[in-house]
Amino acid sequence: MANIGVLIETSDNNEVKKTNFGVITAARGEGGNEIFGLLINGSGLTCKDAVQEYGIGKLVEISADGANLSSNPELQAKALAEAMKHFEINALFGLSSMQGKDILARTAAILNAPLTLDCVGVNLAEDTVTKFHFAGKTFATIKLTGECRICGIRPNAIEAKAGPCEAEVMSFQADVQDSGRMKVKELKKGASERVELTEADIIITGGRPIGSEENFKILHDCAEALGEAAVGASRMAVDSGFAPHDMQVGQTGKTVSPKLYIACGVSGAIQHFAGMKTSKVIVAINKDPDAPIFAKCDYGLVGDMFEVVPALTQALKSDN
Ligand SMILES: Cc1cc2nc3c(=O)[nH]c(=O)nc-3n(C[C@H](O)[C@H](O)[C@H](O)COP(=O)(O)OP(=O)(O)OC[C@H]3O[C@@H](n4cnc5c(N)ncnc54)[C@H](O)[C@@H]3O)c2cc1C
């Protein structure tokens, strides 16, 4: 039996982000291993119910003696690496989120472990992971070797499957020294009050023709009518100053895998597609019938987004 760790990410109000559940499912594999949930500065008691439902048998609250781990990825990685050594964990899984990519990479460097990020599949029995390469042009199966392996999983790429057990909550105090090389001076909340992009089941995205920050209102209204939906932007919309970078989907933005992705006025460039191609259903609204996005979507609607989106919002509202 091996000890496998899952770095658990929580939201601002200390709730377990639901995208963790697919990661825990991947770490569980066919079963037979001890699954540790590793919480940095989180409350085990608050998170216990959610994670034990998916098979976390041991939930470890990691803190540090005399050092504040919050918002300091360097210290967090050191503490995480110590906890892994202490509990003899030789495989670590986490989300390929902004936070996950940062901490997992630092932890891999400390442990001299192989690191694969943005994986969309895991085969524990064969020690392989699968991921897209070259903006999605190729699909690679990668064999991981070494005493310890670290893997970041694309949010929502692996379907969460319950595997209930009773979790034991434990604490671990790491002995880490602050090198002083990194000081967080200020933390600013992202612009969006809505659901975080990588967590959302539904995303509606605006491309360059949205034309202004104000015009994003049609997408926000539609997202509200859709329920738990987030609003994204293409890079052209972000570079034009219509939306902040934390809304960007794509190779140089966020990677998302929602159940439904609605692209409005997005051409379907390969760099945009790289960030959303694993969406379960893709809908495109574009006024050019020859737009490349139509070759890559499940449903396409030829039309002006400034007419189609408000009409969709109206239809959704009258249905509710
Ligand atoms: C290294 C690199 C990294 C990149 N990373 C990213 C990334 O992370 N994310 C990303 O998005 N891009 C990225 N890009 C840019 C990418 O190549 C495209 O330029 C960009 O995605 C295009 O954005 P767009 O589709 O919004 O705009 P456009 O290419 O201008 O397309 C606009 C589309 O809207 C349609 N349209 C126009 N008016 C309307 C209307 N009223 N209603 C409906 N449809 C309309 C047009 O027919 C067209 O298809 C990257 C590029 C490079 C080189």
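Student: Which residues does serine 234 touch, once residues up to four places away in sequence are left out?
Tutor: Serine 234 touches Thr205, Gly206, Gly207, Arg208, Gln248 and His272, where a contact means heavy atoms within 4.5 Å. This is a predicted model, so local features need pLDDT of at least 70 and side-chain atom pairs count only at pLDDT 80 or more, while totals for chains, interfaces and linings use all residues. Residues are numbered from 1 along each chain as its sequence is written, and side-chain values use heavy atoms, with hydrogens and water left out.

Student: OK, and where is serine 234 found?
Tutor: Serine 234 is in the loop between β12 (229-233) and α6; helices are DSSP runs of H or I with at least four residues, strands are runs of E with at least two, and both are numbered from the N terminus.

Student: Does serine 234 count as buried or exposed?
Tutor: Serine 234 counts as buried because its relative accessibility is 8%, given that buried means under 20% relative accessible area, exposed over 50% and partly exposed in between, with a 1.4 Å probe and protein chains only.

Student: Switching to the ligand, which residues come nearest?
Tutor: Of the 26 residues around the ligand, the nearest are Arg208, Ser234, Thr252, Ser267 and Gln271, a residue being near if one of its heavy atoms lies within 4 Å.

Student: How much of the ligand's accessible area does the protein cover?
Tutor: The protein covers 78% of the 990 Å² that the ligand has on its own, with areas from the Shrake-Rupley method and a 1.4 Å probe.

Student: And which elements give two or more residues to the shell around the ligand?
Tutor: Those elements are α6 (235-239), α7 (270-273) and α8 (305-319).

Student: Back to asparagine 286: what does its side chain reach within the protein?
Tutor: The side chain of asparagine 286 reaches the backbone oxygen of valine 266 at 3.2 Å and the backbone nitrogen of aspartate 288 at 2.9 Å. Asparagine 286 is found in strand β14, and it counts as buried because its relative accessible area is 10%. Beyond its neighbours within four places in sequence, the contacts of asparagine 286 include Gly265, Ser267, Ile293 and Gly303.

Student: What about isoleucine 282, where is it found?
Tutor: Isoleucine 282 is found in strand β14 (residues 281-286), and because its relative accessibility is 3% it counts as buried. Among the residues that isoleucine 282 touches, leaving out those up to four places away in sequence, are Tyr261, Phe273, Met276 and Tyr299.

Student: New topic: which loop holds phenylalanine 87?
Tutor: Phenylalanine 87 lies in the loop between α3 (73-86) and β4 (91-95), and it is buried because its relative accessible area is 12%. Not counting residues up to four places away in sequence, phenylalanine 87 touches Asn3, Phe36, Val60, Met170 and Phe172.

Student: Is glutamate 88 buried or exposed?
Tutor: Glutamate 88 counts as exposed because its relative accessibility is 62%.

Note on methods:
A polar contact is a pair of N or O atoms within 3.5 Å; within protein, one must be able to donate a hydrogen and the other to accept it, and residues adjacent in sequence count only if both atoms are side-chain atoms.
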